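Subject: Structure for your review

Dear colleague,

Please find below the structure that I am handing over to you. My findings follow directly after it, and I would be grateful if you would read them alongside the coordinates.

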Amino acid sequence: MNPDEILKFLRLTYTALSDGALLALIALALVLIYKATDVINFANGEFMLVGGYIGYQLLVWLQVIESPSVAVLLAVIGMVVATTLVGVLVERLVLRPLIGEPIISVIMVTIGLSNVMQAIVGLIWGKNPRPLPIDIIPRFSPFRIELEGARRPLNLLPDTLIILVIAFILVGGLLLFFSRSKHGIAMRATADDQQAAMSMGISIRFIFALTWSLAAIAAAVAGLIIAHVTNGVSGDIPGVGLRAFPVIILGGLDSIAGAIIGGFAIAFIETFASGYIDPGLKTVSPYLVLLIVLMIKPYGLFGQKRIERV
Amino acid sequence: MAVQSGIYHQTYESDMQLRPTTAQRVRLILAIAFVLLLPFVVSQNEVRIVNKVMIAAIGAIGLNILVGYTGQISLGQGAFLGVGAYACGLLMVYFQVPWGLALIAAAFITAFVGALFGLPSLRLKGLYLAVATLAAQQIVEWIIIRWDPIDGTIDGRATDALKIPSAFLFGNTAWRLNDNENAFYYFVFVVLVVVVLGAVNLFRTHYGRAFIAIRDQDIAAEVMGVNLFYYKVLAFAISSFLVGLAGGLTTIHSTAISFERFTIEVSIAYLAMIIVGGLGSISGAIYGAAFIEILPEILRSIGQTLVQNRIVSDQVFVTVLPFVQQGTFGVLIILMLIVEPEGIRKLWSNIKDYFRLWPFSY
């Protein structure tokens, strides 16, 4: 095999892995909300946007601190607190009044919300992209892979690996939270049957607020990572959020494992279709695969089949 | 709605009338007179806005047939508008088809494409279907951007935009539809009236009733003998036919079209129209189209007044206006869904009932 081809394959795999981890994280935020509250959050990309900009603003304020790692840590903590509040507020003000309304109303209210959030970010920070004042992930020099006979060596950025690790820690943490902690189990109980959960003494309101803030935090971290990868916060962040929709449908709306596997699957499809066939296929290839999968499995790969009664 | 007392139908003909009372007929005649005289009263720019509203109303009626009446959520409206618009434009540019024929052909082509993307609806429901139609949006948008024959040349440069030849009403060169707003106004008004009558009557036939049965409970409908597959695909086709018609009208109303006018934002705006106006109602679609199309124009003119009175600078106006328009759009959707989920149509009938029953409104 041609050494250039091998390096290209390695590069694409490497990109797809980190991209997949990011998509899995974003998709997880969507699945989290869907499982607990039966809402599909079309404003997820905007949660990433708002989180990213809050992180950016905190970094700007905190860059006076001598040690950059302390500044980044404080900024991330501040961002988590702020996005928790955003999540709780959104749940309380926008989604709670719509409990029991048809799906289309709930979809539309999150779309309205996404417009409001974009407008607020635009009014405060304008539309020009802004570079992060401090690197949230230290920029190490790239690994170099050289092969006999290859025209160019392959340079791989270690940031990508760190992003992969962060995503894994977050996803793993959430999985542990669901399987071990009291509130995590309460969330699963709520997702399973709200009335039964209520009669066992679980506060549905608290669970809904918790779900929205957890999802908002996951989205905000994703937003900040995108800001790092693209060298700054900009209005393009919600576009990445849109890429998570084929992921959750492919994996099945209510499956956490589906979100993770779907994230990597979509990332590999996008990267390899654009790398080997045509660069323009990046946006459209996930949807083509999605349509085929849905024809065969209408509830995605791991989604729970709904049994309807008349 | 309050029950009117005093209309007693004695023949089937009178029972089937759309406007059974004299008061309603008088109101209809007044409304027609108002519409005919409107271009003489308001400025050209305002006629242009009304034209956009009427095109949007046709598209929104189409979408409402699918979403509001048949209960199939579609996020692919923008794409289907694009199919209609480009089908019409390409037929005119490459095959020199007369514009009227191109318009009708575009509607049929869009109906076919819509039915094609409606095929998954048999197995997919709710959110899964919504994302499948999002796939339609992405795929069609991608084809429009990437497929070379669709691109045109403007002033010798190749662009993504397609230049549209002139369309003359009745071959009269004074009535050029592309930019003569008054000519287009009367033309699109006639089309809108035909569409409204067709749509209203559709739901008085067994086809329309089958759609509503599917929306309310598809399994029950199937048990009652409604062929789900046939009627779901038919709903997609009829809806897309009207959406394609709206797309074709957009083409004839413009001098050039490009993909920016058929993006996911357009799909969302159309969904907003039918939800704000009132799901499952023809008049609601028209109210919603008017609301969503006119709102940004109102905000713009408020902004321009502020600039003229030197309250805000030109610079601020240009940077802030798009965000204010977007934010207002979002806030209004959220408020509408929380306050009156049945939309403007319901608000309007509430207001009418209040005055009809006043002062004993209980």
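Predicted model: local features only at pLDDT ≥ 70, side-chain atom pairs only at ≥ 80, totals over all residues.

B:Ser267 is buried, because its relative accessibility is 0% and the cut-off for that class is under 20%. B:Ser267 belongs to helix 11 of chain B, which covers residues 264-277. Residues up to four places away in sequence being set aside, B:Ser267 touches B:Leu75, B:Gly76, B:Gln77, B:Gly78, B:Ala79 and B:Gln137.

Several of these names return in the packing of two helices of chain B. Helix 4 (residues 77-94) and helix 6 (residues 126-146) of chain B pack with their axes 8 Å apart, at an angle of about 35 degrees. Their crossing is left-handed. On the side of helix 4 of chain B, the contact is made by B:Gln77, B:Gly78, B:Ala79, B:Phe80, B:Gly82, B:Val83 and B:Tyr86; helix 6 of chain B contributes B:Ala136, B:Gln137, B:Val140 and B:Ile144. Sorted by class, this contact comprises 7 nonpolar and 4 polar residues, with no charged ones.

Two further helices of chain B deserve a description. Helix 10 of chain B (residues 228-253) has 26 residues and reaches 37 Å from its first C-alpha to its last, close to the 38 Å expected at 1.5 Å a residue. Because 22 of its 26 residues are buried, helix 10 of chain B is largely enclosed by the rest of the structure. Helix 14 of chain B (residues 343-357) has 15 residues, and its reach of 21 Å between the first and last C-alpha is close to the expected 21 Å. Within helix 14 of chain B, the residues B:Gly343, B:Ile344, B:Ser349 and B:Asp353 are buried. The buried residues of this helix pack against helix 11, helix 12 (282-308) and helix 13 (314-339) of chain B.

I turn next to the interface. In it, 42 residues of chain B are in contact with 48 residues of chain A. The area buried between the two chains is about 4,000 Å², and carbon and sulfur atoms give 80% of it. On the chain B side, B:Leu127, B:Tyr128 and B:Phe323 lose the most area to chain A, together 19% of what that side buries.

Three residues of chain A complete the account. A:Asn231 has a positive phi of about 65 degrees although it is not a glycine. A:Asn231 sits in the loop between helix 8 (204-229) and helix 9 (237-242) of chain A, and with a relative accessible area of 52% it is exposed.

A:Lys282, in helix 12 of chain A (residues 281-296), is partly exposed at a relative accessible area of 34%. Apart from neighbours within four places in sequence, A:Lys282 is in contact with A:Asp19, A:Arg243, A:Glu270 and A:Ser274. Its C-alpha is separated by 8.2 Å from that of A:Ile269, 13 residues apart along the chain.

A:Val106 is part of helix 4 of chain A (residues 103-125) and is buried, with a relative accessible area of 11%. Neighbours within four places in sequence again left aside, A:Val106 is in contact with A:Val39, A:Leu95, A:Leu98 and A:Glu101. Between the C-alpha atoms of A:Val106 and A:Val165, 59 residues apart along the chain, the separation is 34 Å.

Yours sincerely,

A colleague

Note on methods: Residues numbered from 1 in each chain as written. Chains lettered and ligands numbered in written order. Heavy atoms only, no water. Helix = DSSP H or I, 4+ residues; strand = E, 2+ residues; numbered from the N terminus. Expected span 1.5 Å × (residues − 1). Buried < 20%, exposed > 50% of the residue type's maximum accessible area, 1.4 Å probe, protein only. Axes fitted to C-alpha atoms, helices over the stretch in contact; angles between N-to-C directions. Left-handed = near helix turned anticlockwise from the far one by under 90°. Contact = heavy atoms within 4.5 Å. Nonpolar A, V, L, I, M, F, W, Y, C, P; charged D, E, K, R; others polar. Buried area = accessible area lost by both parts, 1.4 Å probe.
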